[in-house]
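Please look at the structure below with the report beside it, and follow each part in turn.

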Amino acid sequence: MREPAAALRHEFIGLYGMVERNWYLIKRYAWWEIAFFFWTAANTLTIVFIAKGVVAEGGTVNLDRLTTILLIGAVIWSYLGIVFELLIETVAWERWEGTIEYTFMAPLTRAVHLLGTGIFAIGYGIVRATIVFAAIAAFFGLHMPNADFVAALVLISVASISFVGIGMMTAVLPLISPEKGTQFGYVAQGLMLVVSGVYYPVSVLPEFMQWIAKISPATYALRGERSAILDGAGVGAVWGDIWPMLIIGVVSVPLGIWVFRRGELHAKKHGKLKRSG
Amino acid sequence: MFAVEVNNLRKEFSRRDATRTRMRKRRRRVAALEGVTFTIERGECVAILGQNGSGKSTLVRLLSTLLLPDGGNARIFGHDVVKESRAVQRLVNRVSVEASFFKKMSSEENLAYAARFYGIPPSATRTAIPEILQSVGFPVGRRHEGMEHLSRGMQQKVALARALLTSPVLLLLDEPTTGLDPRSKLEVQDFIREVWTSHDATILLCTHDLREAEVLADRVGILDRGRLIALDPAEVLKEQYDVETLEEAFFAATGRTFEEEEDGDLERGVFA
C-alpha cells in the first residue's frame, strides 16, 4: 500500500478507536447515563414549566408556542452540554485515569484524536437530545403539526461542526489548569448561550450582547430550530441561519485544533501532562 | 545508527516558592536532567539506576515525546524526538510504574483502544489480543472483566501486553515491577527477558531495583540528581569502584546509599 493511503488508513482506524472507546465507556457507565438522562429531563421540565407559570400569573401568551420555544432552548442547552462535556473529557477523564500519557505518545494526529471524540459527541448528543425533546413534548402534549424535523436535523448537524470547534478550545483548559479547567468549560457554555437567545429573542439583549450574538453559532441554531419546528421552515427557508454556522464551523474547527495543540505544547514544556490533581 | 542517542539533554521545571515578593510568589527553576549524554545500540538492554527524583522518569518522558527538552537533543533510530515526534512515536512504547487504564473498561477493550491509535484494526486485534495476553501469563478467560477487578500484578501484565501489541522496536520500562509482589515481579522480569531475546527489541529500563538492573541489563547507568555519572556493564562498574556489589558501586559513585534521599530529590521527584 502506498504511504499516503496507509497513513490515511491509520488515521481512520484511530478515529474509529476514539468512537469505539467512548461507546465502551457509555456502556460501562450505562446506569450513570440513565441517571444523567433523568437529570437532563428534570432540568428541561423546570424550564418548560415557566410557560405555564406565566399563564398562571395572568400572562396572556400562546402556551403551546412559548412551551415549544423554551423546550427548544433547554434541549439545545443540554445538547451543547453533552458535546462540550465529552470534548473536555478528552483530557480531564484521561488525566484522572492516568491514561493521558499513553494517548498523547501514540502516533495519531491531534486533529483525528479530537474529531473522533467530536463525532461520537455529536451522534450521542443528538440521540439523547431527541429522546429528551420527544419525552418532554409528550409530557406537555405538545402538537407540532407544521414542524419540519428534517430541517431541524440539518440545522443541529451544521451547528455541531462549530460547537465541536469551540468545544476543542475548551478541551485544552484541563491541560492548562488541571484543577479548574473542566469547570471553566461549563462557564464557556453558559456564556455562549446567554448571548444566543436560549430562552428569549436576541433582540431583548443590550446592543453589545447582540453584537456578540452574531459570532455565536448557537444564535443561528436556536433561531433556525424554532423556525423549522414552530413555523415549518424548510432547509431553503433557514439557509440564512445555515451559512453563518458553516462559516463559523470552517473557522472554529481548525482554530480549535490549533488552540489545543498550543495547550499540548505548553503542557509538554511544563510537565503538566502527568499531574493528576 | 544507534537505537537511542542522547546528547547533553537538559530539562528544568519551575516551582512556586511559598515566599512572596510583593504580590507574586517567587518561581524557581529545578533541574530534573542536567546534560545527560549516552547511546544505546540496537538490541541492547540498558538499565538506569537512580533514586526517586533522580530524573529517570523525566528521561523516559523526553524519549517518548511527552516532554519537550530545554536543551540538547535525543534521537531514536535517527529520528529527533522533537522535530520528528510522529516517527518516534511509531517506534516506541512504554510501561510505567502506574498501570494506567480506563478502570471500568476490560483489558480487551483497553488494549483495543491502545491498538487503534497505532493503526491496528479490529480484524487484527480480535486474535492478537487474546494471544498477547496469554503470552504475558494473563488468564485469557478474564479479558472481559473490568480492570478494577484485577490485581496490581495482573494490571501490570496487561500494561506489558499494551506495549507489545504495537510491536515497538524501543521499549521504555519505567519501574515496571515497583509495587509488585515477589512472584509477579519475577514473572514480569522473565517476560521482559523473553521479549528482549525474541522480539529484537531495544530496552531502556529505569529502576531502583539493583538486582533487577544487574540481572536484566547489558549495561547499568547511574543517574544522580539529574546527572548520568556512570554507564557500564555491572561487572565493570564494580571493578571501577573496587567493590563487591552494585549497591556499593552506587554508593561509591554518588557518595550516598541507595535509600538515602535529600530534600532536592523529593523536590525533583514531583516531576521525575
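## The largest nonpolar core

The largest nonpolar core has 157 residues, and those touching the most other members are Ile76(A), Val83(A), Leu155(A), Leu63(B), Ala161(B), Leu204(B) and Leu205(B). Such a core is a set of buried Ala, Val, Leu, Ile, Met, Phe, Trp, Tyr and Cys residues joined through C-beta atoms within 7 Å, where buried means that 20 or more other C-beta atoms lie within 10 Å of the residue's own, with C-beta atoms placed from the backbone. Helix α3 (residues 63–97) of chain A contributes the most to this core, with 18 residues, a helix being a DSSP run (H or I) of at least four residues, numbered from the N terminus.

This is a predicted model, in which local features need pLDDT of at least 70 and side-chain atom pairs count only at pLDDT 80 or more, while totals for chains, interfaces and linings use all residues. Residues are numbered from 1 along each chain as its sequence is written, chains are lettered from A and ligands numbered from 1 in the order in which they are written.

## Two helices of chain A

The axes of α3(A) and helix α5 (residues 110–139) of chain A, which are lines fitted to C-alpha atoms over the stretch in contact, come within 9 Å and cross at roughly 155 degrees. The two helices are therefore roughly antiparallel, a term for angles over 145 degrees on a scale from 0 to 180 degrees between N-to-C directions.

## Where the chains meet

In this model, 29 residues of chain A are in contact with 28 residues of chain B, contact meaning C-beta atoms within 7 Å. On the side of chain A that touches chain B, α1(A) gives the most, with 11 residues.

Key
Buried ≥ 20, exposed ≤ 12 C-beta atoms within 10 Å, placed from the backbone. Parallel < 35°, antiparallel > 145°, perpendicular 65-115°, else oblique. Contact = placed C-beta atoms within 7 Å.
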